[in-house]
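Below is a briefing for a reader who is meeting this structure for the first time.

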Amino acid sequence: PLAEATIPMLIVSAKGDRICPPAAARPAFLHLPEELRSWWVLDEGWGHLDVIAGQQASTQLNPRLIDWVSAQRWRCCNDRSAAHAS
C-alpha cells in the first residue's frame, strides 16, 4: 500500500490531462506518507503524455525533475549514512 512507502515519491498531474486529472491523482498523493510525498500540478497546457513526450517537457519540466531527484538522492543518502552511523 502507498501508506507504507519508504522512498520519496513525486506525483505530477496536469490540469489538461483527461486521463488522470489532478482530482484523480489526489487520492494517491494523500495516501503517501506526508514526509515522502511531493505533488506538482501543471497548468491546462499540459496533457497526460506531455509530461514525458511533450515539446516543452525537456526545457520546462525536466530541469525541475532533475533538481527534485537530486534533492531526494541527497536526502536518502544522508538518511542512510545517519542510520549506519548509529
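## Strands and overall layout

Strand β1 (residues 9-14) and strand β2 (residues 37-42) run parallel and are joined by 6 bridges, where two strands pair if DSSP finds at least two bridges between them. This is a predicted model, in which local features need pLDDT of at least 70 and side-chain atom pairs count only at pLDDT 80 or more, while totals for chains, interfaces and linings use all residues. Residues are numbered from 1 along each chain as its sequence is written, and side-chain values use heavy atoms, with hydrogens and water left out.

**Architecture**

- The chain contains 3 helices and 2 strands, where helices (H or I, at least four residues) and strands (E, at least two) are DSSP runs numbered from the N terminus.
- Followed along the sequence, these elements give the pattern β-α-β-α-α.
- A right-handed β-α-β unit is made by β1, helix α1 (residues 22-31) and β2; a crossover is right-handed if, with the strands pointing away from the viewer, the path from the first strand over the helix to the second runs clockwise.
- Of the contacts in the chain with a separation of 6 or more, 66% are between residues 24 or more positions apart, contact meaning heavy atoms within 4.5 Å.
- Among the 86 residues of the chain, 27% count as buried, a term that means under 20% relative accessible area, with exposed meaning over 50% and partly exposed the range in between (1.4 Å probe, protein chains only).

**The strand pair in detail**

- Met-9 has Arg-37 as its bridge partner in β2, and Leu-10 has Ser-38 as its partner in that strand.
- Leu-10, which lies in strand β1, is 28 residues from Ser-38 along the chain, yet their C-alpha atoms are separated by 4.7 Å.
- Not counting residues up to four places away in sequence, Leu-10 touches Ser-38, Trp-39, Trp-40, Leu-65 and Trp-68.

**Nonpolar cores**

- In soluble globular proteins, nonpolar side chains tend to be buried together.
- The largest nonpolar core has 8 residues in all, namely Ala-14, Trp-40, Leu-42, Trp-46, Val-51, Ala-57, Leu-61 and Trp-68; such a core is a set of buried Ala, Val, Leu, Ile, Met, Phe, Trp, Tyr and Cys residues joined through side-chain atoms within 4.5 Å.
- Two or more residues of this core come from each of β2 and α3 (57-85), and α3 gives the most, with 3 residues.
- Leu-61 is in contact with Trp-40, Leu-42, Trp-46, Val-51 and Gln-56, leaving aside its neighbours within four places in sequence.
- A second, separate core of 5 residues includes Ala-5, Ile-11, Ala-25 and Leu-32.

- Ser-13 is found in strand β1 and counts as buried because its relative accessibility is 2%.
- The side chains of Ser-13 and Trp-39 are joined by a polar contact of 2.9 Å, which is a pair of N or O atoms within 3.5 Å; within protein, one must be able to donate a hydrogen and the other to accept it, and residues adjacent in sequence count only if both atoms are side-chain atoms.
- The structure holds 1 aromatic pair, and in it Phe-29 and Trp-39 are tilted, at 5.1 Å centre to centre with 35° between the planes; rings of Phe, Tyr and Trp (its six-membered ring) pair if their centres lie within 6.5 Å, and planes under 30 degrees apart count as stacked, over 60 as edge-to-face and the rest as tilted.
- Because Phe-29 lies in helix α1 and Trp-39 in strand β2, the pair ties together parts that are 10 residues apart in sequence.
- Phe-29 counts as buried at 13% relative accessibility, whereas Trp-39 is partly exposed, with a relative accessible area of 23%.

**The segment before β1**

- Leu-2 lies in the segment before β1 and counts as partly exposed at 35% relative accessibility.
- Leu-2 and Pro-33 are 31 residues apart in sequence and 7.7 Å apart in space, C-alpha to C-alpha.
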